[in-house]
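Let's take a friendly walk through a protein model. Keep the sequence and the 3D view open while you read.

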Amino acid sequence: MKKIKIPIGPQHPALKEPISLRITVEGEVIKDADVRLGYNHRGIEKLAESRTYVQNIYLMERICGICSHSHTTCFVQGVESLCGLEVPKRGLFIRMLVCELERIHSHYLWLGVAAHEAGFDSLFMYTWRDREVVMDLLEIISGNRVHYAINTIGGVRRDLSEVQKEKILEGIQFLKKRMEYYTNLGTTEPSFVARVSGVGILPKEKAMSLCAVGPTLRASGIASDIRKDDPYAAYDEIPFSVCTATSCDVLGRVVVRIKETMESIKIVEYLVKNLPSGEIKVRAPRKVKEGEAVSRYEAPRGENIHYIKSNGTDKPERVKVRAPTLANYPATIEMLKSGFIADIPLIFAAIDPCICCAERFVEVIDTKNENTQVLTMAEIKKRYSKSQGLKKGSSVWPL
Amino acid sequence: MNQAEIFEKIRTNLSAQITDISMPSPRRIFVSVAPEKLIETLKILKDDFGFYHLSTISGLDKITGFEVLYHLANSFVSLTVRVQIDRAKPEIISICEVIPGAILYEREIQDMFGIKVINIPDSRPLVLPDDWPEGEYPLRKDWNYQPPAETIPGEEQ
Amino acid sequence: MAIMKALVYLFVYPGLLFLFVYSTFCEWFDRKLYARLQNRVGPAYTGRAGILQPIADFLKLLFKEDIIPENADRIIFSILPVIGVATVATAGLYLPLWNYDVSRTTFNSFQGDIIVVLYLLCLSTVILFLSGWHSTNFFSTIGGVRVLTMLFGYEVPLFLSVLSPAIVADSWRLAEVANFYQDFPFLLFFQIIGLFVALISLQAKLERTPFDIPHAETEIVGGTFTEFSGKKLAFFRLMTDIEMVVGSGLIATVFMAGFAGGLMGSLARFVLKTLIVIAILSIIRATFSRIRVDQMVVFSWKYLTPLAILQLLVSIIIKGVIK
């Protein structure tokens with residue numbers, strides 16, 4: 001049979017964000033896969049170098065829509081360790097509370113997306129309806145549904161009242177009940193299980209050597225969780241277990257995420273019930289003394305790492321962000337090989353790809369020309385012809 | 001095995017390879033390695049200490065030269081291996097033979113800093129467009145971006 | 001008079017006009033039920049409870065830009081949707097609704113019309129394959145190949161299961177089969193397995209979840225329909241809707257004793273029985289996830305076909321007992 005190359009992306013119904021997968025298929029079987037990034041660059045790393053630390057918190061928040069809290073927490077932790085700040089317990093607990101609610105939110109969302117990719121639209125509609133509950137809880141705590149903006153250097157910005165605590169416990173009970181139902185549905189519904197089990201195999205050794213992270217790694221039987229391995233915030237005093245699966249396939253990743261949601265619900269209950277009293281933040285200096293810090297964080301999708309280098313001013317020298325999705329791409333290519341075309345969306349969705357997270361480097365804004373101008377069409381044409389004259393009709397970036 | 005033991009063990013076992021070791025905050029170890037001893041060091045770290053996971057590779061423009069930082073991790077500590085590179089000859093050896101998962105990070109470094117990675121299995125640009133002009137490396141400190149004139153197809157004069 | 005009647009039959013009831021109106025109503029019913037099962041509202045604004053939404057969609061598509069791919073064969077690409085609608089609408093004419101006489105052969109009711117209906121329904125699937133193949137797009141081609149692969153899976157159980165009631169009734173004519181079961185309704189209980197197999201095969205024929213493999217949007221974009229737009233897409237959607245009505249009408253005829261009563265009585269029975277079938281199809285659609293094409297073929301040859309053969313054996317035994 002003839003081999004053909006099919007393009008999945010940059011625009012494709014299975015992808016919510018632009019990325020290009022070039023898949024070589026023979027009939028229905030995938031022979032080779034290649035990934036091409038770069039459709040979603042915003043130049044955040046470069047931009048961060050020209051902003052102050054406080055401004056950068058809000059910039060980091062905008063790396064991703066779903067795990068926005070992950071990036072800010074990771075960033076402020078790094079800055080706090082550079083400044084040597086001791087964040088008050090209550091602040092840490094509220095920070096962790098938002099972390100875990102965000103994880104619940106992300107996993108609910110993921111379950112819906114995975115169901116949709118498998119053509120199971122009923123489950124998709126159900127999970128996304130229930131996801132509203134956790135988004136409302138986050139709104140109660142932070143005032144926002146997506147970009148929570150609760151972190152600041154040295155603590156959090158909003159306190160938690162007794163009424164809010166009650167509301168959270170109430171909402172959590174509902175989410176727990178629903179997730180129990182989905183546990184049953186996602187692991188026993190025959191047509192769904194037939195689609196996900198044995199698909200996208202990633203053996204343990206491959207997962208290790210390709211540096212996979214998060215639920216993808218844990219579904220291959222490796223109990224690696226930054227919350228346990230490298231306890232940030234106050235995770236070392238919270239009882240929870242690391243969820244793993246040994247099946248190494250998409251079903252394993254479904255199971256891991258469902259189990260993790262249940263664990264997160266338990267953590268949220270514990271946090272709300274044992275919330276210590278006291279301050280929620282400490283004052284942070286505007287300038288950060290010279291040094292470098294590596295901050296790691298277990299985002300819903302896996303390990304998130306920020307490397308921050310300060311130079312003694314109020315702006316960082318360098319901020320390096322590595323979002324979990326980027327780390328999972330080599331493993332995804334491995335998983336795609338020898339699958340079926342029908343498995344592509346599922347395998348790709350199983351790493352919970354967040355393309356805007358993974359891409360953030362290139363600056364495409366003209367920094368020199370700071371004042372924005374409103375140009376008429378005629379002016380644009382004039383400029384265009386002028387530049388055209390200089391270039392003698394040759395395009396610099398041929399389309 | 002705890003962090004202090006790992007720190008001590010690295011200092012004694014790898015004294016031939018590393019030039020500098022520090023632990024500025026809990027569970028964070030920074031070591032410096034000469035470029036030619038990088039592969040050897042990573043192999044020892046992977047086999048003897050279980051640093052099989054590469055979190056990422058960061059590049060750093062220090063004006064006088066470049067620094068490439070390999071953020072490794074095992075289940076106890078996060079270890080950063082620092083390599084200094086000459087600015088006049090920005091080259092580094094690929095570590096893909098030790099850690100295959102490093103490929104994307106190496107391609108990123110190549111795109112962003114113009115540090116040539118020798119023996120890289122796949123040297124196409126990763127995040128920059130295929131037709132990105134030569135010699136433009138966005139994350140270098142001296143990079144000054146000039147957007148090329150936009151050409152609209154079909155409107156040539 | 002006979003010609004007038006025939007013309008009314010062809011174009012008004014149960015011909016093109018009725019099929020068009022009723023199929024859009026069925027689409028609305030299916031969409032609304034599917035939406036309610038998923039805790040959504042479904043169509044809500046056009047007409048009362050969104051009942052006119054499918055017609056609005058159809059009209060909107062008629063006014064949209066119509067694009068033909070450069071490499072596609074223009075003529076075949078353009079006429080396939082029309083032929084598709086024509087085949088399924090023709091199949092609809094053979095349902096014993098009105099203007100037939102059991103005692104004599106007419107143009108719309110004769111020995112062997114059950115085979116003709118099945119054949120015409122099969123033809124519409126082949127048209128889907130051709131449309132995918134002639135689009136010269138990767139996704140369409142893969143969709144077309146999947147259509148054919150599936151055809152080999154579900155067509156055999158569908159034929160076997162639909163023919164087994166006819167074997168008991170000792171006739172290849174839909175009107176006679178329906179009449180037979182109106183006289184002996186208890187015999188229908190022995191056709192339960194066949195009804196089950198026929199419903200699932202029909203679901204596969206209509207390419208609905210869990211068998212919406214040829215146009216699985218998350219895998220191959222629009223599948224066979226990827227390159228179709230405007231009028232052509234509108235006609236394909238109409239074809240699918242009419243196919244749903246005709247398919248459920250066929251099942252209602254052979255498994256639910258047809259549509260007795262005069263003009264109004266038969267219409268009421270037709271609507272009721274087809275809606276029951278469509279409701280079952282909608283529930284199946286809402287409760288499963290899409291399966292892979294290889295799984296579908298394995299499923300139909302491992303489970304559906306043996307069940308259909310079992311039904312055939314049961315039918316033959318019953319026939320022997322009756323004799």
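What follows is a short tour of the chains, the places where they meet, and a few residues inside them.

## What you are looking at

This is a predicted model, in which local features need pLDDT of at least 70 and side-chain atom pairs count only at pLDDT 80 or more, while totals for chains, interfaces and linings use all residues. Residues are numbered from 1 along each chain as its sequence is written, chains are lettered from A and ligands numbered from 1 in the order in which they are written, and side-chain values use heavy atoms, with hydrogens and water left out.

The model scores ipTM 0.86 and pTM 0.85. Where pLDDT is low, the predicted coordinates should not be read in detail.

## Chains A and B on their own

Chain A has 15 helices and 8 strands. Those come from DSSP runs numbered from the N terminus: helices are H or I with at least four residues, and strands are E with at least two. Of the 399 residues in chain A, 61% are buried; buried means under 20% relative accessible area, exposed means over 50%, and partly exposed is in between (1.4 Å probe, protein chains only).

Chain B comes with 3 helices and 7 strands, in the order α-β-β-α-β-β-β-β-α-β along the sequence. Its C-alpha atoms fill a box of roughly 70 × 30 × 25 Å along the principal axes. Here 52% of the 157 residues count as buried.

## Where A meets B

Which two chains share the most contacts? Of the 2 pairs of chains in contact, that is chains A and B, where contact means heavy atoms within 4.5 Å. On chain A 53 residues take part, and on chain B 59. Together the two chains bury about 4,900 Å², 56% of it on carbon and sulfur atoms; buried area is the accessible area (1.4 Å probe) that two parts lose on being put together, summed over both.

There are 5 salt bridges between chain A and chain B. A salt bridge is a side-chain nitrogen of Lys or Arg within 4 Å of a carboxyl oxygen of Asp or Glu. One joins A:K320 to B:E108, at 2.5 Å from N to O. On the side of chain A that touches chain B, you'll find 25 nonpolar, 9 polar and 19 charged residues. In this sorting, Ala, Val, Leu, Ile, Met, Phe, Trp, Tyr, Cys and Pro count as nonpolar, Asp, Glu, Lys and Arg as charged, and the others, Gly among them, as polar.

## Where A meets C

Chain A also touches chain C, with 30 residues from chain A and 25 from chain C. About 2,400 Å² is buried between them, 57% of it on carbon and sulfur atoms. The rule finds 1 salt bridge here, and A:D343 and C:R292 meet in a salt bridge at 3.4 Å, N to O. Chains B and C have no contact, and their closest C-alpha atoms lie 20 Å apart.

## Charged pairs inside the chains

Side chains of opposite charge can pair when their charged atoms come close. The structure holds 47 salt bridges over all chains. In one of them, A:R318 meets A:E45 at 3.2 Å, N to O. A:R318 lies in strand β8 of chain A and A:E45 in helix α1 of chain A, so the pair ties together parts 273 residues apart in sequence. Both A:R318 and A:E45 are buried.

In chain B, B:E67 pairs with B:K62, their closest N and O atoms being 2.8 Å apart. B:E67 counts as buried because its relative accessibility is 1%, whereas B:K62, at 33%, counts as partly exposed.

Look for C:F77 in helix α4 (residues 74-93) of chain C. Why does C:F77 count as buried? Because its relative accessibility is 0%. C:F77 and C:S135 are 58 residues apart in sequence and 7.2 Å apart in space, C-alpha to C-alpha. Not counting residues up to four places away in sequence, C:F77 touches several residues, including C:I67, C:H134 and C:F228.
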